[in-house]
Amino acid sequence: MMTAWLCLLMTLGFASPNPDDLDRDLVGYWPLSGDFRDHSGNGLDATAEGTVDRLAPGRDGTPGRAAGFDGQSGGLVVPLDAARELAEGDLTVSAWVFTEGQVDSPIGDLVSQYNASTRRGLILGIKTNAGVTFSHANDRHLQFGIDDDRESDWLPVGVPGGDGTLLAFALASHDGALYAGTCEPGASDSGRVYRYDGGTTWTDCGSPDGSNSVTSLAVFEGTLYAGTGRYRVAGSSLPESPNDTPGGRVFRYEGGTTWTDCGQLPDVIAVSGLTVFQGTLYAGSLYAPAGFFRYEGGTTWTALETPEGKRVEAIAPFDGLLYATSYDQGHVFRFDGQDWTDLGPLGDPEINTQTYSLAVYQGALHVGTWRSGRVYRLGDQGEWIDVGRLGEELEVMGMLPHNGRLMAGSLPLAQVYRYEGGQDWRLLTQLDTTPEVVYRRAWTMAEHAGRLFVSTLPSGQVFAYRAGASTSWDQTFPAGWHHVAAVRSGDSLRLFVDGSPVASETVDGSGAFDLSAEAPLRIGSGPNAPFRGRLAEVRLHGRALSDDEIARLASP
């Protein structure tokens, strides 16, 4: 069926009858070559919000052939009427994208038209989720999502490791697969890593050492790394683990069930946060004594100063700096590669004695707390802004944005909440209903294959959920110039990189989603974060381009 806007374009003579013409059904075309004008003839010129470099080097290195985005400003905004044209039907968004190899912050959204209050629209961006409890859960993953305020049920997808597993301590998506690091506290058990193979099937990838937990996962230099530890299960008001083997080591995954030992962190029995900053791997200590370490290769780690002797727990790069939570004080600390800065208490220091998790949403750093169960956002002037409590919960655990929605898990009821704006959070579900226990935890999160995965304690179950419909290329997005295309075709979403299909998802009924967001179309920004890098040749088609047409757009 021909959509209303397409009829209008054909009437005005903007749509070519030639089915092989790349200008057919072209809604907008922004070369970003010295200006921000729409060169499709449809008058959808963009304007800059904040600083956008109109003279950035293009693919051939010539200045003025691309637009440069600093990851802090608002990007380019197209008039509201353009967004309304995307209400229904097939579409294609494409662009040439340049990113640096090491970006100590989320890379951000490429093109979006999304209304957070109505949860409607589309988002194309490159996502990084770090500081999700202890793991760097997603690293530079290309994602394309649409929404019409729809959500799936919460589907149990199995217990990695089976009956002996207390929880999936860590989750991370890497090289097209989702991995879980477990806590298995039995006397003859040890923490292991499992790969999700669909349904409720998890494949054993081995036990790095004899300790009871794999506490953290991160991708460094294209390879999965795991931190281990002896988790003190009594900290969750459960019987202590009889396995007293210390961990505190980091391992590199070699495939199958093989792990290479990358060294012991000095005086550490359990690794806490694991992330990449300034091109190398960093780790912290879950228990006293406090420790913070930089990986030097082989089995060598350099011990660095900790912030005022405090433990470093969840750690995540943001805006060129490294941020850390702590269990020793309800503060957040910032590291510039040499020194720490105390960013002060979050709320009442008599109530908030620990900070737990980090997430970047709408371009701002968000932090979860114990014991108020509240989330705080770091303001532009360095102030902490209270953005509300998760019901009556006491602790905010794993937290990340999923298809435009900020999601957070909690203790003591293992609930999951969605941020509604202001200080409002909406309870979506309780995932763990184990009877006769003090604490239930929705522990950590990761995105994979267009879905959100959440682990729980003490059931050990992992759950999957989908907001709207989305697909993701679960590989580390490469540096340099690359062509990206996102296609909506009926109920299917597809992603292309450099002219080749790399990811697809089919969500029944999503072809009927109405994307009328009543929000502007944005280039270089969106609900996740402003874009860091360069864009050129941004095109928006009101149809699903063929594989051949996308390959032609991606040709050098």
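A charge is taken to sit over a ring if NZ of Lys or CZ of Arg is within 6 Å of the ring centre and within 35 degrees of the ring normal. By this criterion, the charged end of R59 sits over the ring of W96, 3.9 Å from its centre, and R232 lies over the face of Y287, at 4.0 Å from the ring centre. The model is predicted, with local features needing pLDDT of at least 70 and side-chain atom pairs counting only at pLDDT 80 or more, while totals for chains, interfaces and linings use all residues. Residues are numbered from 1 along each chain as its sequence is written, and side-chain values use heavy atoms, leaving out hydrogens and water.

W154 and Y465 form a stacked pair, at 4.2 Å centre to centre and 15° between the planes. This pair links distant parts of the chain, 311 residues apart: W154 is in the loop between strand 9 (138-151) and strand 10 (155-156), and Y465 is in strand 37 (residues 462-465) (strands are DSSP runs of E, at least two residues, numbered from the N terminus). W154 counts as buried at 16% relative accessibility, and Y465 is buried at 0% (buried means under 20% relative accessible area, exposed over 50%, partly exposed in between, with a 1.4 Å probe and protein chains only).

One aromatic cluster is formed by F134, F169, Y231, Y327, Y356 and W443.

How values were computed:
Rings of Phe, Tyr and Trp (its six-membered ring) pair if their centres lie within 6.5 Å; planes under 30 degrees apart count as stacked, over 60 as edge-to-face and the rest as tilted. Helices (H or I, at least four residues) and strands (E, at least two) are DSSP runs, numbered from the N terminus.
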